[in-house]
Amino acid sequence: MERIMLAHGSGGRLSHELVRTLFQKYLGNPYLDQMNDASLLPGREQLAVTTDSFVVSPLFFRGGNIGKLAVCGTVNDLAVSGAIPKFLTLALILEEGLPMDELERVIESIAETATEAGVAIVCGDTKVVERGSADKIFINTTGIGYITDRLVGPEQIRPGDEILITGTIGDHGITILSEREGLEFQTPVVSDCAPLNGLIDAFYLPGVKCMRDPTRGGVATTLNELAGQAGVSMLLVEEQFPLSPSVEGACEMLGLEPLYLANEGKVLVIVAPEVAEEVLLNMQAHPLGRNAARIGQVQEGKFGLVLLETPLGGKRIVGMLEGEHLPRIC
Amino acid sequence: MKIQAIAIYFNGIVQGVGFRPFVFKLAEELGINGWVNNSSHGVTIHAEGNNLDLFYHRLIREAPPLAQIVTARSVEIELANYGTFEIVGSEAEEGADVLISPDVATCGDCLKDMADPKNRYYKFPFTNCTNCGPRYTIIRDVPYDRALTTMSEFPMCNSCAVDYKNPRDRRFHAQPVACEECGPKVQLIDAMGHLLSGIGIDQLAQGGIMAVKGLGGFHLVCDARNVQAVRRLRERKERGAKPFALMARSIEKACDEVFIGPEEEKLLRSSAAPIVVLERQLKQVNSLPVDIAPGIHTLGIMLPYTPLHHLLFEGPYDFLVMTSANLSGRPLIYSNEEAMEALQGIADYFLIHNRDIYHPCDDSVLQVIGDKAVFLRRARGYVPLPILMSSYQVKTPLLGVGGELKNAFCLASGERAFVSQYLGDMEGYENLQRFHQELESFQRVVNITPQALAYDKHPNYQLTRFALEQPCPKHSVQHHHAHLVSVLGEWDRTEPTLGMICDGTGFGEDGCVWGFEVLYGNASDYERKGHLEYLPLPGGDAGAKHPLRIAYAYLRTLLEREAWEKTEPLWTVLSVDERQILDRQLETGIQVFQTSSAGRLFDAVSGLLGVCRMVTYEGQAAIELESVASSFRLQNPFEDVEWQGKVKRPYPYEVRVENSQCILRVGSLFGELVRDFLLGVSRGEIAYRFHQTIAQAIVDLAMQSQVERGPLVLSGGVFQNKLLTEAVLRICQDKGIKVLRSRTLPPGDGGLAFGQLLIANEVL
Ligand SMILES: [Fe+3]
Ligand SMILES: [Mg+2]
Ligand SMILES: [Zn+2]
Ligand SMILES: [Zn+2]
């Protein structure tokens, strides 16, 4: 019998398959089938809507907490879809016994981040479950935004387009891992958790073809999805990845690949070559995009193949996140 | 005596090796009439006369050196009363199953031609005959005919055509035959693309680095005694510490630098002309620069094997560095265009020619271990020779895709299995593409189209992904089970057998990383009878590149608190972050893999003793540890078998039965080993004792798993360690245990595909 495994929630191949073979199968409709971070809805005002649940542990981490994450995650999904985030709903599932001051700190943080992002929390819900039935706080947010004339989506992607990232990768993933496992680095890693609509407004130009926030599953999984949807291949250049030294060191020690680590404050941008330089400069001029870099290029190829050029010049296939990376050296 | 007629059928490697002229000459000698031809099934002879028995037996006994008769059959037929003996044209038939010969080093007769100023082939860099020359590397399809080789570009001139058609000539039907007038041409080009004269001898003598097109691909070549040239090549190739292979002018010259025993000499001089790994002599003056093979006590040496190589040795050097021209992690370069582009900035000169290579093929590498040649890498000179089995029948044509590292795949049908040449590490995308290219063309050469496939159980291997995408029946095989069955298959044995499988890592059935395994079984099934205790490998493959981290993890796990605290001085080279993260990892188990790997055990000791702290090529830490131990052994002659005195005593270890498995526990081993090291005992002595200990433990584990009757299989890459393997063999001999080892395939992952295939054959 097939059962739900933790990997079904990892954002990797299994998650992807679950969405395709179960949710999309039963629930599919033209809005859901857009399979973008937010769905564009018809109506008098063109709306974008997205929803997300947050179950991070620990609740508080360097650079953020579950509340900030719950706002950023949903705001960012709207923003990368080319929409202007406007309203959020907030649903909380609380575990019996949760210290109230922890809850308050979370709510404060939600308020602060919502202000920063320019969104209003417009409705909410709270449930409390028995001790052990949830882990302290679970949050769901649904976001609504207004659609702009920004024409973005995987169908716009063409061979020759450039792949940009707005900053260092893997910071959130390593922060959560190190706080959960008590790993200490001389220079601590800080989560990049941030609302990205301001940054996107700052760098956006016509010619930006597609934007994604590479959260769970990381840059690798996101690009695999995009390459598959767009029917192209992609070539990444490892030496051009912006990496903080602590993330680099941690990955080297732990045998993790930065490409698979979660980010909560980065945008992956596919952009036409003509405007790539200007978009990059725009990014770098914004405080959240200082370390933006060009990390690769879209290429001809129907297989949705994502390749990585290593520092020695060879290439290897970068697949979707697929369980843990087991040793292979024989 | 009454005249009779028989038809004789030979199958095997009987074409392109001078078989028909040999038949012709013998028929003439014995006064036999009739004819001989090549068919898709081999060679067919119609013989009439009164010496038929003698004829038949001498055909088999005196077959040409490169021929390999697999089946011979003769039947009586009706007399047709031929007046002569003739070589008649080939006939094409369905289902061709003639074996293709591997490439063959230039023969003595051809060398004489090249040395004789009056000879047509004087100094001709492409001369060959039925006894030598390119074969597999130039073949596009079967039957082996010039038109289906890359020699089809070169129409024979009249003189060559005469030789080719003359059954009394050494070049009779030698498909690649050519001369100065009609054959391929070499060109010497500098880095700017300017055409130069000569073949680059002066350039090499002056320290230049030259890319040379050979039989199976390009080499990067320089004068091995020129330290600057060797260093420059190492820097430009970004090669880390990986040793360079050498080509020596002659065995006599090589003897100045290395020890060459009779088995090794036989290998060096064989028609396959492989690289042979040889122990260096301990001398201070005039020896080759250490930069050729830093940190190790051996040199890989081969002899010139093409006419062009022999011409290069007209220069004033006795040794040339001859390293495969591939960029790190990428496949061997074999076309002129790719060489000129990819080796820009590495080679100063390019010595190219216009005979294309169709099957790129690296040099084979062997080492004599326990008086037998052991493959470290199997390619040129051996591929595509089959493994012939009579105890196994492959009903459905099968493909074994092989492993992730040092890949070679295997195709089999009926009683024949063909293992491809070494194709490198499949993580590299370009290597993976080379795999697909060769898989496609190898099918044509061996005439097998697989209908099902076998692959490793490892979920992250590139070829696992490939296998799962194929729309045919497939079967996944446990890595070490495949290592065991590979050896059984080579010896054509099917009964369940005990095997000690020692290698780096393989995906275990329990989700742990296996590598030091006692397995009992055959192609149908196996049982895990025991293994090295599980030890933590922090960071997986990333950790495996840092042997000191492995040592840290092992010791912290194995040692009692007091003993652990005394090891403090060993860890000063680890950074603060490294220490802290390792500690937390070992406490929480985050990104820590439990492994019984034998390879990591050697790595740990190598890191601990400070022999190797950063791995730049696969197996480096263990190879350097073996070198330190072997050098100690060379400098301290004593009887191994006595196990007396401090040096010779093995370290203590325990074999415990847990859950009816024999578990090798190494806590006391590491305890005493570390104590020795902290007391200042030399690295060489410790490394040597460690090897002896593991050898003893291997045999102990086997004995406790009831090996008494029946042979013991030794398989896995760790048995490419000469010091360890010879110690195991010695102990086995003392105990009367018969040992089975790989003989035609590498014991490492190069032999994996064959084992996979035989196992899948039982299931599919
Ligand atoms: Fe192996
Ligand atoms: Mg979402
Ligand atoms: Zn010859
Ligand atoms: Zn000619």
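Helices (H or I, at least four residues) and strands (E, at least two) are DSSP runs, numbered from the N terminus. The structure shown is a predicted model, in which local features need pLDDT of at least 70 and side-chain atom pairs count only at pLDDT 80 or more, while totals for chains, interfaces and linings use all residues. Residues are numbered from 1 along each chain as its sequence is written, chains are lettered from A in the order in which they are written, and side-chain values use heavy atoms, with hydrogens and water left out.

We begin in chain B. N38(B) lies in strand β2 (residues 33–39) of chain B, and R20(B) belongs to helix α1 (residues 19–30) of that chain. The unreviewed UniProt entry annotates R20(B) and N38(B) as "active site"; such annotations may be inferred rather than shown by experiment. The two residues span 19 residues in sequence, yet their C-alpha atoms are not more than 8.0 Å apart, so they gather at one spot. Both R20(B) and N38(B) are included in the lining of the second largest cavity. A cavity is a set of points, on a 1 Å grid over the protein atoms alone, where a 1.4 Å probe fits but cannot get out, and its lining residues have an atom within 4 Å of a point. R20(B) counts as buried because its relative accessibility is 6%, and N38(B) counts as buried at 9%; the term means under 20% relative accessible area (1.4 Å probe, protein chains only).

The domains come next. Their bounds come from an automatic or database domain assignment. Chain A has domain 1 (37–147) and domain 2 (154–317), with centres, taken over C-alpha atoms, 24 Å apart. Contact (heavy atoms within 4.5 Å) takes 22 residues from domain 1 of chain A and 20 residues from domain 2 of chain A.

The size of an interface is often given as the accessible area lost when the parts come together. Here that buried area (1.4 Å probe, summed over both parts) is about 1,800 Å² between domain 1 and domain 2 of chain A, with carbon and sulfur atoms giving 61%. R62(A), N76(A) and V80(A) supply 35% of the area that domain 1 of chain A buries against domain 2 of chain A, more than any other three residues. R62(A) also forms a salt bridge with E179(A), their closest N and O atoms being 3.5 Å apart. A salt bridge is a side-chain nitrogen of Lys or Arg within 4 Å of a carboxyl oxygen of Asp or Glu.

Methods:
On a 1 Å grid over the protein atoms alone, a cavity is a set of points where a 1.4 Å probe fits but cannot get out, and a pocket is an open set with protein on both sides within 12 Å along at least five of seven lines; lining residues have an atom within 4 Å of a point. Buried means under 20% relative accessible area, exposed over 50%, partly exposed in between (1.4 Å probe, protein chains only). Buried area is the accessible area (1.4 Å probe) that two parts lose on being put together, summed over both.
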